[in-house]
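Subject: Handing over the two-chain model

Hello,

Please find the structure below, together with a written account of what was found in it.

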Amino acid sequence: MTAEPRIERSPPVSDEVRKTTCYMCACRCGINVHLKDGRVSYIDGNRDHPINKGVLCAKGASGIMQVTAPSRLRAPLRRVGPRGSGAFEEITWEEALETAVSWLRPLRETAPERLAFFTGRDQSQSLTGWWAQAFGTPNYAAHGGFCSVNMAAAGIYTMGGAFWEFGQPDWARTELFVLFGVAEDHDSNPIKIGIGKLKARGVRVISVNPVRTGYSAVADDWYGITPGTDGLLILSLIHCLLEAGKVDLDYLARWTNAGFLVNGTEGPEKGLFVKNAESQPFVIDRRNGQPAPWDGRDTEPDLGAVWDGQRTVFQLMAEEYLRPDHAPEAVAERCGIPAARIRGLAAELAQAAFDKAFLHPQPWTDFRGNRHETMQGRPVSFHAMRGISAHSNGFQTARALHLLQILLGSVEAPGGYRLKPPYPKPVEAHPTPHFVATPGKPLTGPHLGYVRSPADLALRQDGSPARIDKAFSWDAPLSAHGLMHMVIPNAVAGDPYRIDTLFLYMANMAWNSSMNTAQVIEMLTAKEGDAYVIPRIIYSDAYASETVAYADLILPDTTYLERHDCISLLDRPISEPDAAGDSIRWPVVEPDRDVRGFQSVLLDLGARLGLPGMVDDAGRPKFRDYADYMANHQRRPGVGPLMGFRGADGSATGRGAPNPDQLDRYIAAGGFHQAHLPSEAAYMKPWNAAYQDWAVDLGLYDTPQPYLFNIWSETLRRFQLAAEGHGPRQPPDHLRERLRVAMAPLPVWYPPMGEAEGYPVHALTQRPMDMYHSWGSQNAWLRQIRGKNALYLPTAIWEAQGFAEGDYARVTSPTGEIVVPVAHMAALNPHTVWTWNAIGKRRGAWALDPEAPEAVEGFLLNHLISEVLPGAHRISNSDPVTGQAAWFDQKVRIERVGPRALAEPQFPVLPDPPRAGAGRGANFRRKFGRGGAA
Amino acid sequence: MTALPETTARKLGLVIDLDTCVGCQACVTACKGWNDQGYGVPLSDQDPYGADPSGVFLNRVHAYQMQPPEGASVVVNFPRSCLHCEVAPCVTVCPTGASFKRAEDGIVLVNEDACIGCGLCAWACPYGAREMDAAAGVMKKCTLCVDRIYNDNLAPEDRLPACVRTCPTGARHFGDLSDPGSAVSRLVAEREGYALMPEMETKPVNRYLPPRRKGAAGVAPLVPLVDVQATGLAGWLDRMLGKI
């Protein structure tokens, strides 16, 4: 044996580490970007960062391959051939911006609504919304309508906060964690970290999900529910808990509207709260049987009160859910879960909430002025995402889940589900929608908001929708995030009207982000005479996505390591339950191409258009670029995009004058800033005086906003009353019945809409934890992990049709047909098939070889999913309350077709637009300090 | 042929918790990222944007479906990398001495300057833990991040293999398995950690913690307060609110 070779134990790691924020998905983890010779050499997680605490996912560590991807666009492009031909010429930024201005200026001066500006997965909605408001078009939203607005809206309307990243289980104290239909790409690292903590403590994790992968695979118990029946299951759990008296009466009486009296008298007030002379709902005090103010210091609400013949919310709720049609035996077959298993889950929930209850020794004062020596711990927590919400009954299902955790007394209780600042935030603290377009003027307020009644709907004088996506119309009254998935179909149908310019950012609407992709591609190229039906399309993207080919003007964006960004308390911050937090991105490397950060481009466009707030009194640009805006824009006096290091000396947090050195301070601090809550404010936030005062000090709101949770939703009942014929604003007759059902004031379950006869199998998608939307496939490392997808078939279907490895199946829906590779999966609901989302690519896109597996065998389910329901009126295939795209309502038929080598449908190969191109070509070798090629 | 050390002073290795691994692939790309610029030649990719991309990964995660004797089918995510065997057949088979096991800590490495790319070690390894770099023609394998774990240029808390540092669920643990008092040895003892394929007599150092038993908790069923259908809501309310 020769001597052991000597190993260099301490090689230099890098020349420099620059700390910024990841953007390989929407998590916003902190990253250390290592540089050698000025190039990115390695990326790992920032240990100090509140989101990821040093860990990083598969995507995050692969970010180095995103900055070298050959798919990166390199200069502004102008279309010179037909749409979809890929014939572009590179132009200068000046030409590009002036072209855009020449299109947009006349629209603003004559008909601002003819611009539709919709953004995808960007994280700058407080800027893009403000820009659209200044432009004056009502037609603005981001992608929430096709993502998870049911989650957001049901949470806000019920408890002033949602799942998603807006809260999290009390990982340190919970004793049972139940996941419903989670999308594992969302709030991904925090949930993984949390599950790891629970596993280390031996805490049980339960999954309710048709598919047993990922988090469901490690869950201690799995309920393989039939898609679309989660609400039915949850209401049955509520039935069991009520039946056994296992609900937190004290919590319900103090912190919810369970004690409010509901008007039971037939007429236009039926189902609304009984009000006092000050138009306030009130409760009956159990000590004297007399009306008392709901927020009175000494009030003890009587949940069993009957006053003047009117009963409480609590009684109406109990009456509803104690009915035998909510019993486990009545729902078991539809849910695909035996009744005994449902009863077992209810017993586990009750055991965690009540048998494992504890008192957290933290004194606090509630908003009524009462001092408490302890906080009641209820150690059971939940999380849910798109799995339950991407159904046409998803809003009410999410509401049902919130009702469940409220009945257990666990929301904001120690051990339960904890909201993150700026949440909790009641409906009343949100704006209502603004939508009236006036030539040459801005909108009078933000586009998106929370309607309280039909009076807030965005309707024109004739009752037709004011917005191109029909958000806030009778089609989707509470569509707080808009309906991006309907913009192109509606614009082409001229329903409610035609537009001139479609302006999109970071949304792959010509591929995986649209329902009915094949038809949307036709819509984008549809002509009337010689002119396109959508006359102009401006698109900003960093990469050669499928959508680039269909735009007329391309504004190439940078990658996330080359840009400024602002993860702001004004939209989606990086808070924790114990701290508000925000963060930045900054150019840790400079772009090597003629590209610009979209937000800077948007501010430039705004200045050229003279939009208010973007020019000074002399009409000169007010902001040099997005970085300048981040430091110096003020939304309200003293409140800007970033909360940290405000004031002239940088010592103020939250409120304070702009500080020109603010971004440097963020960079020095690792790219983020936190404002910690006092320990007294950490739980019971909606009712906790210490929290409310802290939130006002920080600038989250200007006065304390305590509120009660809405078990009974008066807003929903107002729409139901309208559907029943009451009130001056009436829905069209064809929508009355579905509004009457969907707008129930108590959480309700109804079968998913649009299910057709002869299609017996549910078809789902989910996103892998190692791939985000369509971005991942251009990444040389990630595509080696998951370069193609199969349709997973349950054992029953696999065996019944004699499927074998290598087979394909024809999958048919009323909308279309695909022929795709299949694989067998036993850990799957027997009535369900599923595949990974957005792996399938169109040939020629993303700088991949046209024979890439993503394009040859990879596929989308989107071709099977119609954006409208069958029948007249073009009713969106969405939740009737919020307009959330009902992706997961899809049902199909499966037929074995035997071995194939090519998925169908196939589309013509997309031409390759001008792009950076280099990447790490074939057989690339890179070694820093060893003369490797770049 | 190459000799193994008689003993090693320590047995550094990984303990991987199969009850906790969600299969997120974070360890796969963290490993790729570090080792692409770390010990030895970079981990090349062939045809990275083409029809048949393939590159070197020192750590891969596979998902397996299993049907237990009772209950629903399960999915187990299984990370796979070099196990740093005590009786490493990849070392003894090496004709040039390039493959070796360090006496100091038991890490199995390839000295790339001596590697002729014959591939015998990959054939000898029963775990499929080695991958040939097609560009450089040398064998690549997990180094246990030997250039991190002793690296004075890293903060002490970062002197971990990249896969361990990045694992979001904390399913990967690193330490000295020769020390019965080490955190990893205690985990193995508590959770009945096991070696892969002991019948191969390679004596792997790495351990896997098995998935915990799954299924219902066996909590006693809830007892109804009253027979609501018999008493009506009023009877239920009396009992319910009488609890306050």
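In chain A, residues 24 or more positions apart account for 69% of the contacts with a separation of 6 or more, where two residues are in contact if their C-beta atoms, placed from the backbone, lie within 7 Å. In chain B, residues 24 or more positions apart make up 60% of the contacts with a separation of 6 or more.

Before going further, please note that this is a predicted model, in which local features need pLDDT of at least 70 and side-chain atom pairs count only at pLDDT 80 or more, while totals for chains, interfaces and linings use all residues. Residues are numbered from 1 along each chain as its sequence is written, and chains are lettered from A and ligands numbered from 1 in the order in which they are written.

Overall form of the chains

Chain A has 24 helices and 36 strands, whereas the secondary structure of chain B comes to six helices and 11 strands; helices (H or I, at least four residues) and strands (E, at least two) are DSSP runs, numbered from the N terminus. For chain B the radius of gyration is 24 Å, but a compact globule of 244 residues would have one near 18 Å. This quantity is taken over C-alpha atoms, and the globule rule is 2.2 Å times the number of residues to the power 0.38. Along the principal axes, the C-alpha atoms fill a box of roughly 85 × 80 × 75 Å in chain A and one of roughly 85 × 50 × 40 Å in chain B.

Of the 934 residues of chain A, 64% count as buried, and of the 244 residues of chain B, 48% do. A residue is buried if 20 or more other C-beta atoms, placed from the backbone, lie within 10 Å of its own, exposed if 12 or fewer do, and partly exposed in between.

Where the chains meet

In the contact between the chains, 78 residues of chain B touch 89 residues of chain A. The largest share of the chain B side, eight residues, comes from α6(B). By class, that side has 41 nonpolar, 25 polar and 12 charged residues; here Ala, Val, Leu, Ile, Met, Phe, Trp, Tyr, Cys and Pro count as nonpolar, Asp, Glu, Lys and Arg as charged, and the others, Gly among them, as polar.

Some details in chain A

Helix α13 (residues 394-407) of chain A reaches 20 Å from its first C-alpha to its last, close to the 20 Å expected at 1.5 Å a residue, the expected span being 1.5 Å times one less than the number of residues. Because 14 of the 14 residues of α13(A) are buried, this helix is largely enclosed by the rest of the structure. Just after α13(A), G409(A) takes a positive phi of about 70 degrees.

Three strands of chain A form an open antiparallel sheet in the order β28-β29-β30, and strands pair if DSSP finds at least two bridges between them. Five bridges join β29(A) to β30(A), and A579(A) stands opposite H676(A) in β30(A).

Finally, H762(A) lies in strand β31 (residues 761-766) of chain A and counts as buried because it has 22 C-beta neighbours inside 10 Å.

Best wishes
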